[in-house]
Amino acid sequence: MINFLAFNPVKLHFGKGVVKELGSCANDLGKKALLVYGGGSVLRNGSYKDTLEQLKDQGIAITEFNGIKPNPRVEDVMEAARIGSEAGVDMVVAVGGGSVIDSAKIIAICIADNCDAWEVMTGKYAPASALPLIAVLTLAATGTEMNAVAVLQNGETREKIGYRNDLEYPAHSFLDPTYTQSVPADYTAYGIVDLVAHSLEAWFGSGDATLSDRIVISIIKEALEYGPELMNDLENYKLRAKIMWAATMALNNTTIYGRVSGDWGVHALGHVLSFLYDTPHGATLSIFYPAWMSLLKDRAGERIIQLGSELFGVDTVDETIASFASYFKSLGSPVRCQEAGIEETTKADILELMNRNRAEGLNYPLSDKEREKLVEYIF
Ligand code: NZQ
Ligand code: ZN
């Protein structure tokens, strides 16, 4: 086990009706809020109305920015930051899924630090401050509500990348599983895949951290047991709550303590598909994980078998890969590009961008030749 610092400053409010606590928390942070949301789902599931009421009751002035897209774009972040700066806001309130909250994290930095979002994302500029951020989560998937990461894409540089900085931790996150009851079947499935994938990224990181390993296994077991039940009963509060908490735990640092890092190769590969075809994040992961494990049969064989034995009671690499693939399929998430509407004729484009962006993991770097093989495996 390597040395580590355990740190997570997010005040996470979990459960039915917790948004009632938002107003007083916001009042402690500021007087003028930039309220950020996406394409309108929050207007239908009550989360927007509840948040707005809380802010208004405290006399907090509100400026709105909506229209954040899934696979969020840097230009929307810059525009939101411009509007927020002009209005002189002193905090950011995000209502939505990972795309909205990730965008809000960078908006909060750009307003406070008057800087360029892509320079921040690429590490060219090191910001010194961020406005306080309140997140109201409406989709269980990314873990962004309790971590310090944001993922954005840039059409000009042809990249979708993540950026981590302690400044990005939300001050408060409100997780009411009720808001997630309206998430449709496809995005519910992608969210479950995402939480499994985050656990796997930690599992395939380097370093000996047995407790973190056991936490990973427990989180994936929650998804294996309750994910399929939820897919058959989308409005079940109890199941929504279990999946929501599992998704938070899958990427709030807990699974990384004692390791050097996670791997994150499958995420980097998946981002290429999201960039090129606007494929939902979770769908890119269910496509790439079985393919990536097949590619790494020799290099990561023992770790793959250990997973298979703990999770599925199987004892070979092939059976483990088949078990994951059939699990992802059972949820309704694609395991081949064709199932996500991506045609075979696109192989060369995918490979070109994968190589150009050097999509690979921290623990298992990939050669161009291996990426070429991967492109064959995902069709
Ligand atoms: O735009 P609206 O109308 O809000 O609709 C959204 C969107 O179409 C909808 N939705 C959200 N909550 C809903 C709902 N529909 C009905 N009822 C609700 N309660 O769902 C769609 C997808 O939303 P999005 O926010 O894009 O999904 P998700 O939460 O999966 O976020 C994905 C983004 O997060 C990044 C991904 O790369 C992707 O860009 N990630 C962020 C991470 C992080 N910050 O730590 C880590 C992850 O690995 C991931 O990379
Ligand atoms: Zn993810």
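On a 1 Å grid over the protein atoms alone, a cavity is a set of points where a 1.4 Å probe fits but cannot get out, whereas a pocket is an open set with protein on both sides within 12 Å along at least five of seven lines; lining residues have an atom within 4 Å of a point. Grid points are joined across faces, edges and corners, and a volume is the space filled by probe spheres set on the points.

This is a predicted model, in which local features need pLDDT of at least 70 and side-chain atom pairs pLDDT 80 or more, while totals for chains, interfaces and linings use all residues. Residues are numbered from 1 along each chain as its sequence is written, chains are lettered from A and ligands numbered from 1 in the order in which they are written, and side-chain values use heavy atoms, with hydrogens and water left out.

**Stop 1: the cavity.** A search of the whole structure finds 1 cavity of 30 Å³ or more; the largest cavity has a volume of about 50 Å³. Select Leu 139, Ala 140, Thr 180, Val 183, Tyr 187, Thr 188, Leu 230, Arg 240 and Ile 243 to display its lining. Helix 7 and helix 9 (237-250) each supply at least two of the lining residues; helices (H or I, at least four residues) and strands (E, at least two) are DSSP runs, numbered from the N terminus.

**Stop 2: the zinc ion.** Select ligand 2, the zinc ion, with its protein donors Asp 194 (OD), His 198 (NE2), His 267 (NE2) and His 281 (NE2), which lie 2.0 to 2.1 Å from it. Donors are N, O and S atoms within 2.8 Å of the metal (3.2 Å for Na, K and Ca), and sites may look incomplete because water is not among the atoms. The donor spacing in sequence is D-x3-H-x68-H-x13-H. His 198 in helix 7 and His 281 in helix 11 (residues 281-295) link distant parts of the chain, 83 residues apart.

**Stop 3: ligand 1.** Next, select ligand 1 and the 32 residues that surround it, the closest being Ser 41, Gly 98, Ser 99, Lys 160 and His 198; a residue counts as near if one of its heavy atoms lies within 4 Å. Oxygen atoms of ligand 1 are found 2.7 Å from an N or O atom in the side chain of Lys 160, 2.8 Å from a polar backbone atom of Gly 39 and 3.1 Å from a polar side-chain atom of His 281. The protein covers 90% of the 970 Å² of accessible area that ligand 1 has on its own (Shrake-Rupley method, 1.4 Å probe).

**Stop 4: the second largest pocket.** Finally, select Glu 159, Lys 160, Ile 161, Ala 268, His 271, Val 272, Phe 275, Leu 353, Asn 357, Arg 358, Ala 359 and Glu 360, which line the second largest pocket. This pocket has a volume of about 170 Å³. Helix 10 gives the most to its lining, with 4 residues.

Technical notes:
Polar contact = N/O pair within 3.5 Å; in protein donor to acceptor, adjacent residues only side chain to side chain.
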